[in-house]
Amino acid sequence: MDQKELEAYFRSLDRSFFVDNDMKKYAGIDEPLPIGFGQTISQPSLVLEMTRLLAPEKDSRVLEIGTGSGFQTAILAKMSAEVFTVERIEQLMEKAKKRLEALNHSNISYKVGDGSKGWQEYAPYDRIMVTAAARVLPDDLLNQLAPGGRMVIPVGPSYLQKLILITKTNDGDIHIKTMGMVRFVELKGQYGWKE
Ligand code: SAM
């Protein structure tokens with residue numbers, strides 16, 4: 001991944017574009033902000049760190065779980081070939097899609113549904129980014145990760161999670177590394193927390 005390109009695109013993004021009017025004045029603060037429906041746009045420095053860990057390449061097919069505002073999606077779309085993004089709240093997805101289309105990202109496929117099960121139709125994926133806190137490592141996501149692939153996912157109880165980097169070798173072996181502690185909203189659904 002080209003770090004300079006990542007940083008330049010990250011800096012060029014106006015975060016206030018991704019939040020509602022009442023939150024725009026706080027967009028410059030390095031903190032998560034409410035985006036409605038009890039959800040948040042992630043802290044910008046964490047978006048950057050997680051993108052670095054994921055390390056998408058120009059030819060990568062990326063699955064993102066938890067579209068939210070679309071801020072992280074825009075960065076993934078810039079840094080990879082194709083993004084498949086899943087969000088369970090339809091109203092959030094509608095807004096995110098409008099924003100991403102306005103930014104001329106045409107390499108994104110959108111799905112409203114339970115992303116804890118991944119998106120089997122287009123699997124396998126070279127990269128999987130999960131931006132909500134999973135209760136356990138979802139088997140379906142592990143299965144949908146391509147050999148040689150990487151997945152970044154917060155796993156743990158609602159109040160604090162381990163930020164996990166998973167790598168799958170070309171032989172299909174899974175390596176799991178904890179990269180730090182984070183706090184995300186809950187991943188709901190079959191492999192997540194109860195609705
Ligand atoms: N990366 C996003 C951004 O920068 O705006 C923030 C994502 S927010 C922290 C987590 C999102 O995951 C929420 O929009 C929430 O609705 C979504 N989510 C939670 N469980 C989900 C599931 N099972 N499938 C898809 N999306 C889910």
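I take strands as DSSP runs of E with at least two residues, numbered from the N terminus. The model I am reading is a predicted one. On that basis I placed Lys168 in strand β8, which covers residues 161-168.

I then asked which side chain of opposite charge is nearest to Lys168. What I did find is the backbone oxygen of Leu142 at 2.8 Å from a polar atom of the Lys168 side chain. Leaving aside neighbours within four places in sequence, I listed the contacts of Lys168, which include Asn143, Leu145, Pro147, Gly149 and Ile174.

Turning to the packing, I looked up the largest nonpolar core, which has 37 residues, and saw that Leu13, Ile41, Met50, Phe71, Ile75 and Val152 touch the most other members. Among the elements giving two or more residues to this core I noted α1 (3-12), α3 (71-79) and β8. Apart from this core lies another, of 19 residues, with Leu142 and Leu145 among them. For Leu13 I recorded that, beyond four places in sequence, it touches Phe18, Phe71, Ala74, Ile75 and Leu103.

Last, I went through the 27 residues around the ligand, of which Ser69, Glu87, Asp114, Gly115 and Lys188 come nearest. I noted a backbone N or O atom of Lys188 at 2.5 Å from a ligand nitrogen, one of Gly113 at 3.4 Å from a ligand nitrogen, and a polar backbone atom of Ser42 at 3.4 Å from a ligand oxygen.

Notes. Residues are numbered from 1 along each chain as its sequence is written. This is a predicted model: local features need pLDDT of at least 70, side-chain atom pairs count only at pLDDT 80 or more; totals for chains, interfaces and linings use all residues. Side-chain values use heavy atoms; hydrogens and water are left out. Helices (H or I, at least four residues) and strands (E, at least two) are DSSP runs, numbered from the N terminus. Buried means under 20% relative accessible area, exposed over 50%, partly exposed in between (1.4 Å probe, protein chains only). Lys and Arg count as positive and Asp and Glu as negative; His and the chain ends are not counted. A salt bridge is a side-chain nitrogen of Lys or Arg within 4 Å of a carboxyl oxygen of Asp or Glu. A polar contact is a pair of N or O atoms within 3.5 Å; within protein, one must be able to donate a hydrogen and the other to accept it, and residues adjacent in sequence count only if both atoms are side-chain atoms. Contact means heavy atoms within 4.5 Å. A nonpolar core is a set of buried Ala, Val, Leu, Ile, Met, Phe, Trp, Tyr and Cys residues joined through side-chain atoms within 4.5 Å. A residue is near a molecule or strand if one of its heavy atoms lies within 4 Å of it.
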